[in-house]
Amino acid sequence: MNQPDLIVQLQQGDEQAFKRLVDEWQDMVYNTAISIVQNEDDADDITQDVFIQVYQSVSSFKGESKFSTWLYRIVISKALDHVKKKKRKKRFAFVQSLFGTASEEEIHPEEFNHPGVLMENRERAAELFKAMQQLPDNQRIAFTLHKLEAQKHQDIAVIMDISLTAVESLIARAKANLRKILNAYYTNNNF
Amino acid sequence: MKNNEHINKLTDEALNSLDGASRATAKPYLLTRLNARMQNAKESSWDNALRFISKPVVALAGLCLVVVINATVGYNYTEQPATTVQDDVYASVDEYSSSVTVLNDIENVEP
């Protein structure tokens with residue numbers, strides 16, 4: 001079945017169509033979410049939130065953009081919201097820690113290992129993910145879509161609703177910033 | 001100098017560490033969990049509505065609203081019918097008098 005048919009069936013509330021949608025897109029949604037929030041449980045929650053939102057608002061999908069573009073936008077928006085909430089929580093946990101009531105995990109979260117990274121690259125990838133947390137949101141999204149979702153610059157431009165030149169610039173700046181952060185990290189930790 | 005080279009090498013390794021990475025796969029039974037969550041959301045929205053309605057403040061406010069609406073409707077109802085009845089009376093009187101006239105005319109028809 002092609003995608004427009006699937007969308008029409010979804011808009012009619014067909015549960016089988018929803019099942020097919022979840023089967024087809026769950027890994028894309030989960031992978032994008034986990035790459036941004038860097039936590040498996042949070043990514044799972046976001047994946048569920050995304051599909052529930054799709055189910056509830058598919059009637060508003062007019063087909064002006066590709067379905068995948070629409071889906072990417074929902075995932076990215078939910079993941080960034082989650083990151084912001086977590087940052088707020090972390091700041092609050094820091095204040096709580098001054099009074100000794102915050103848990104250790106809230107203040108210093110565990111090192112993140114992306115499940116799809118090759119075993120021999122795990123250690124360096126964990127350091128890269130840590131550095132990615134310090135990037136501005138737009139650089140982080142462009143870099144993530146490029147590196148972990150293997151999206152072309154043109155597609156990233158459509159998803160982020162910016163020009164192709166802007167995407168190229170964002171990715172170049174993301175790489176430069178990551179190089180700077182990683183360099184400082186390795187220098188300060190005497191590698 | 002050698003240290004700088006080493007650090008640059010580590011940095012390059014880190015930057016290239018995502019090359020060849022595959023997609024992370026979602027946890028199993030996602031659809032089952034989604035269905036359960038949507039079902040819970042449906043139930044909890046009813047629970048929330050009931051819980052909200054059964055709050056004493058809301059219940060009292062609702063009761064007051066009903067009383068006020070009743071009083072307003074009652075007040076308007078008692079005022080309006082007076083004019084309506086009066087109009088009806090005039091109308092029927094007119095009708096009656098005209099019909100009486102007609103009847104009288106019939107009865108008083110002189111041979």
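Modeller: One term before we start: accessible areas come from the Shrake-Rupley method with a 1.4 Å probe, and for residues only the protein chains shown count as cover.

Colleague: Good. What is the accessible surface of chain B, then?

Modeller: About 9,000 Å². Carbon and sulfur atoms hold 63% of that.

Colleague: What should I know about the model itself?

Modeller: This is a predicted model, where local features need pLDDT of at least 70, side-chain atom pairs count only at pLDDT 80 or more, and totals for chains, interfaces and linings use all residues. Side-chain values use heavy atoms, without hydrogens and water, residues are numbered from 1 along each chain as its sequence is written, and chains are lettered from A.

Colleague: Which scores does the model get?

Modeller: ipTM is 0.84 and pTM is 0.75.

Colleague: And what is the mean pLDDT of chain B?

Modeller: It is 80, and 68% of the residues in chain B reach 70 or more. pLDDT is the predictor's confidence in each residue, from 0 to 100.

Colleague: Where in chain B is confidence lowest?

Modeller: In helix α3 (residues 56-107) of chain B, with a mean of 73. Helix α1 (residues 2-15) of chain B is highest, at 91. Where pLDDT is low, the predicted coordinates should not be read in detail.

Colleague: How many helices and strands does chain B have?

Modeller: 3 helices and 0 strands. Helices (H or I, at least four residues) and strands (E, at least two) are DSSP runs, numbered from the N terminus.

Colleague: New topic. What is the phi of Tyr29(B)?

Modeller: Near 60°, a positive value in a residue other than glycine. Most residues other than glycine have a negative phi.

Colleague: Where is Tyr29(B)?

Modeller: In the loop between α1 and α2 (30-53) of chain B.

Colleague: Why does Tyr29(B) count as exposed?

Modeller: Because its relative accessible area is 66%.

Colleague: What about Ala150(A), what is its phi?

Modeller: Near 50°, also positive. Ala150(A) sits in the loop between α7 (137-147) and α8 (153-160) of chain A. Ala150(A) is exposed, because its relative accessible area is 63%.

Key
Buried means under 20% relative accessible area, exposed over 50%, partly exposed in between (1.4 Å probe, protein chains only).
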